[in-house]
Amino acid sequence: MALSSKITSTCRKLFVSRFSNSFISIAPKNMGSKAENQSGDGCGSNSTSTIGTHSGTFHCDEVLACFMLKQLAEYENAEILRSRNDEELQKKCSIIVDVGNVFNHERKLYDHHQASFQETLSSLRPELGDKYKIRLSSAGLIYNYYGERVIDSILKKHGIDLSDENLRLAYIQVYQNFINEIDAIDNGVPLCPDGQEPLYLIGTHISARVGKLNLSWDDETGDCQDDRFRQAMCVVGNEFVEKILYIGRSWIRAREYVRNALENATKVYESGEILLLERTCPWKQHLFDLEQECDIEGRSKLVIFEDPLDKSWRVAGVPVTPQSFLGRQFLPKEWCGLRNDDLFQAAGVKDLLFVHSTGFIGGAKNKEAALAMAIKSLQWPRNNETKEKKC
């Protein structure tokens with residue numbers, strides 16, 4: 001058996017076990033002429049749905065677009081016709097992506113290559129704000145119109161049912177952390193906007209891995225390009241679903257956990273500057289988003305949580321941004337680099353373990369000591385104050 005057949009078989013088993021009928025059947029290849037600018041008639045209406053896209057070299061955006069469509073009930077059993085013959089595509093297909101030089105949602109035509117196309121997620125979904133300025137690819141276009149339904153379908157197959165609000169949050173997270181990258185790469189958006197060349201290249205991202213699945217220029221294996229397209233859908237689909245499951249399960253759960261801690265912060269310490277997490281979770285981005293939502297930006301200074309490895313407790317300073325190494329208010333510099341008895345002498349708090357040399361985090365033997373450490377840190381002479389406002 002050829003390598004291509006082995007991989008295709010493996011992918012098919014994966015899709016059957018994890019994604020039900022998500023594996024694809026591609027209609028016979030028709031290598032038509034290259035698409036030209038035209039408005040044409042809408043897609044044909046067939047009793048059996050067919051998804052159309054271009055033949056030849058494939059890219060991550062149309063591969064993902066096809067995968068997303070096949071998560072929907074109306075396209076779950078659809079064939080995929082890969083062709084550059086516009087007449088054939090519009091006659092046989094129910095929906096067309098990444099080919100045809102036309103974007104028209106009503107007619108289900110989703111190409112983005114034409115010079116007139118300048119749509120972004122913000123331009124098509126202004127209610128999400130104006131921060132999404134990357135020009136959409138075919139993946140972004142399909143996600144814009146069908147993304148919530150795709151996420152909902154995948155999650156429900158795995159026993160997860162989100163509220164409307166959490167589904168909206170998941171939609172935004174998946175765009176920011178998956179779709180946006182694919183849109184940018186497909187449209188050639190540089191990582192360095194000032195025109196400077198990056199110091200290094202990243203060649204292992206999902207778009208690069210999909211690109212490597214195309215037949216090479218000197219291929220002598222006899223493999224079929226459509227088989228490689230199936231493999232690409234397997235790769236992209238698996239990663240896409242894993243992202244959605246992470247966000248729909250762990251990310252949403254962590255957000256609610258941080259929200260609860262923020263709402264109860266004044267019960268921990270009257271100023272609300274200390275957050276208590278009985279269980280550690282990814283909290284930084286959630287905290288910043290929720291502070292903004294509650295109109296208390298900058299209030300939180302320290303976060304207390306248990307270290308699951310040794311059951312000791314940590315006191316972490318809140319950074320000025322989620323990715324920053326600078327803090328709103330780290331632990332006092334007089335404590336930095338100290339441990340055990342030396343730290344007790346400096347801070348006057350028992351059962352402390354350490355403070356990092358930069359002061360961004362400290363350790364304590366138990367929750368009570370960690371809370372005492374955090375309170376003592378806040379009472380140390382400071383220049384900045386924040387106004388308390390109830391979440």
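**A chat about the fold**

Modeller: Let me begin with a hairpin, which strand 10 and strand 11 form with 5 residues between them, and in whose turn Gly359 has a positive phi of about 85 degrees. Strands here are DSSP runs of E with at least two residues, helices are runs of H or I with at least four, and both are numbered from the N terminus. Please keep in mind that this is a predicted model, in which local features need pLDDT of at least 70 and side-chain atom pairs count only at pLDDT 80 or more, while totals for chains, interfaces and linings use all residues. Residues are numbered from 1 along each chain as its sequence is written, and side-chain values use heavy atoms, with hydrogens and water left out.

Colleague: OK, and how many bridges join strand 10 to strand 11?

Modeller: There are 3 bridges, and the two strands run antiparallel; two strands are said to pair if DSSP finds at least two bridges between them. Within that pairing, Val355 has Gly362 of strand 11 as its bridge partner.

Colleague: Which way do the residues of strand 11 point?

Modeller: Ile361 and Gly363 point one way, whereas Gly362 and Ala364 point the other way, and all of them are buried, meaning under 20% relative accessible area, with over 50% called exposed and anything in between partly exposed (1.4 Å probe, protein chains only). In a regular strand the side chains alternate between the two faces of the sheet.

Colleague: In what order do the strands of the sheet come?

Modeller: The open sheet has 5 strands in the order 7-8-9-11-10, with mixed pairing. Its edges are strand 7 (274–277) and strand 10 (352–355), each of which pairs on one side only, and the twist averages 20 degrees from one strand to the next.

Colleague: Is strand 8 enclosed or open, and how many of its residues are buried?

Modeller: Strand 8 has 4 of its 5 residues buried, so it is largely enclosed by the rest of the structure. Helix 12 (residues 367–379) lies across strand 7, strand 8, strand 9 (313–317), strand 10 and strand 11 (361–364), and runs at about 170 degrees to strand 8. Axes are lines fitted to C-alpha atoms, for helices over the stretch in contact, and angles run from 0 to 180 degrees between N-to-C directions.

Colleague: What covers the buried residues of helix 10?

Modeller: The cover includes helix 8, strand 7 and strand 8, and the residues of helix 10 (residues 284–293) that are buried are His286, Leu287, Phe288, Leu290 and Glu291. Just after this helix, Asp295 takes a positive phi of about 60 degrees.

Colleague: Changing topic, at what angle do helix 2 and helix 8 pack?

Modeller: Helix 2 (residues 60–69) and helix 8 (residues 225–263) pack at about 70 degrees, with their axes 9 Å apart. That makes helix 2 roughly perpendicular to helix 8, a label for 65 to 115 degrees, where under 35 is roughly parallel, over 145 roughly antiparallel and the rest oblique. Among the residues making the contact are Cys60, Val63 and Phe67 of helix 2 and Phe229, Met233 and Phe240 of helix 8, where contact means heavy atoms within 4.5 Å.

Colleague: Last one, what is Asp186 in contact with?

Modeller: Leaving aside neighbours within four places in sequence, Asp186 is in contact with His59, Asp61, His112 and Ser137. Asp186 sits in helix 6 (residues 164–186), and with a relative accessible area of 25% it is partly exposed. Asp186 and Asp61 are 125 residues apart in sequence, yet 6.9 Å apart in space, C-alpha to C-alpha.
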